[in-house]
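I opened the notebook on a predicted model today.

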Amino acid sequence: SESTKDDLVSLGIPRAMIKVVYLGIDHFRYEPAFESKTSYPYILYLGRIKRYKNIDQILEATKLVAEEVPDVKLSIAGMGDENVVRSLDDSIKKMGLESVVEFRKEVTEEEKVKLLRKAWVCVTASRREGWGLSVVEAAACGTPTVAYDVEGLRDSIINGETGLLVPFGDTESLSKTIIKVLTDGSLRSRLSQEAVNWSKRFNWDETMRQTLEAFHAAINMGGGNGGLRNASS
């Protein structure tokens, strides 16, 4: 992403030596099915279970959301570090969220798509991402994302159009923004449609074409130390 490119430049790599190539997605698999949306407000976190993903902050925000939206549900789906999984299990119990939060852990590709289609909103609280492929996959399924305004996610989400960004670490703003999406049907519908439109920009044919262009440019520049450095992530 452009954020990743900026990071590489800050490490001393010349900007002209970096080519950003965005990942594609499979639009035959990831496509909207608005009739699949749940009848109740449904939040989804789908991704790896890692400390830097700050899923504990999503739980904190969800606890605040549940005070305003009593019938809300949150699913956490993904695999990762066992110590983080145990910590989240403990947090769910300590916060009294057993009736609100479903910890799905590992899911199949088919289940993943179903969850993305069912959700009203996806949430990620990562401190940074290289790009945010899961955000674009959710967008392709007609589900906008609320996230922190950090590297990568500020590229994969167009703030106010395909999702909403809030200041990093501000769980109160995170909760208020989630509530806004859950309770404002017109906003949610607009974000969902714009998210679908945005996702169509990303496909594997275009990714392949741009990658080959980067290879050819590197060869023409002499390859080796003179080549372009690919900032895909």
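**Entry 1: the largest pocket**

I began with the make-up of the lining of the largest pocket. Its residues divide into 14 nonpolar, eight polar and five charged. Next I looked up the volume. About 410 Å³ of space lies in this pocket. I then asked which residues are the closest to its centre. Of the 27 lining residues, they are Leu46, Gly47, Arg48, Lys53 and Ser134.

I went on to the secondary structure around the pocket. Which element gives the largest share? I noted H5, with four residues.

**Entry 2: the helix pair H2 and H3**

I turned to helix H2 (residues 55-68) and helix H3 (residues 82-94). Their axes come within 10 Å. I read the crossing angle as roughly 15 degrees. Angles under 35 degrees count as roughly parallel. H2 and H3 are therefore roughly parallel to each other. Is the crossing left-handed or right-handed? I logged the crossing of H2 and H3 as right-handed.

Last, I looked up the residues that meet. On the H2 side they are Ile55, Asp56 and Leu59. On the H3 side I listed Leu88, Ser91 and Ile92. I sorted the residues of this contact by type: four are nonpolar, one is polar and one is charged. Asp56 is the charged one, and Ser91 is the polar one.

Notes
Residues are numbered from 1 along each chain as its sequence is written. This is a predicted model: local features need pLDDT of at least 70, side-chain atom pairs count only at pLDDT 80 or more; totals for chains, interfaces and linings use all residues. Side-chain values use heavy atoms; hydrogens and water are left out. Axes are lines fitted to C-alpha atoms, for helices over the stretch in contact, and angles run from 0 to 180 degrees between N-to-C directions. Helices (H or I, at least four residues) and strands (E, at least two) are DSSP runs, numbered from the N terminus. Angles under 35 degrees count as roughly parallel, over 145 as roughly antiparallel, 65 to 115 as roughly perpendicular and the rest as oblique. A crossing is left-handed if the near helix is turned anticlockwise from the far one by less than a right angle, and right-handed if clockwise. Contact means heavy atoms within 4.5 Å. On a 1 Å grid over the protein atoms alone, a cavity is a set of points where a 1.4 Å probe fits but cannot get out, and a pocket is an open set with protein on both sides within 12 Å along at least five of seven lines; lining residues have an atom within 4 Å of a point. Grid points are joined across faces, edges and corners, and a volume is the space filled by probe spheres set on the points.
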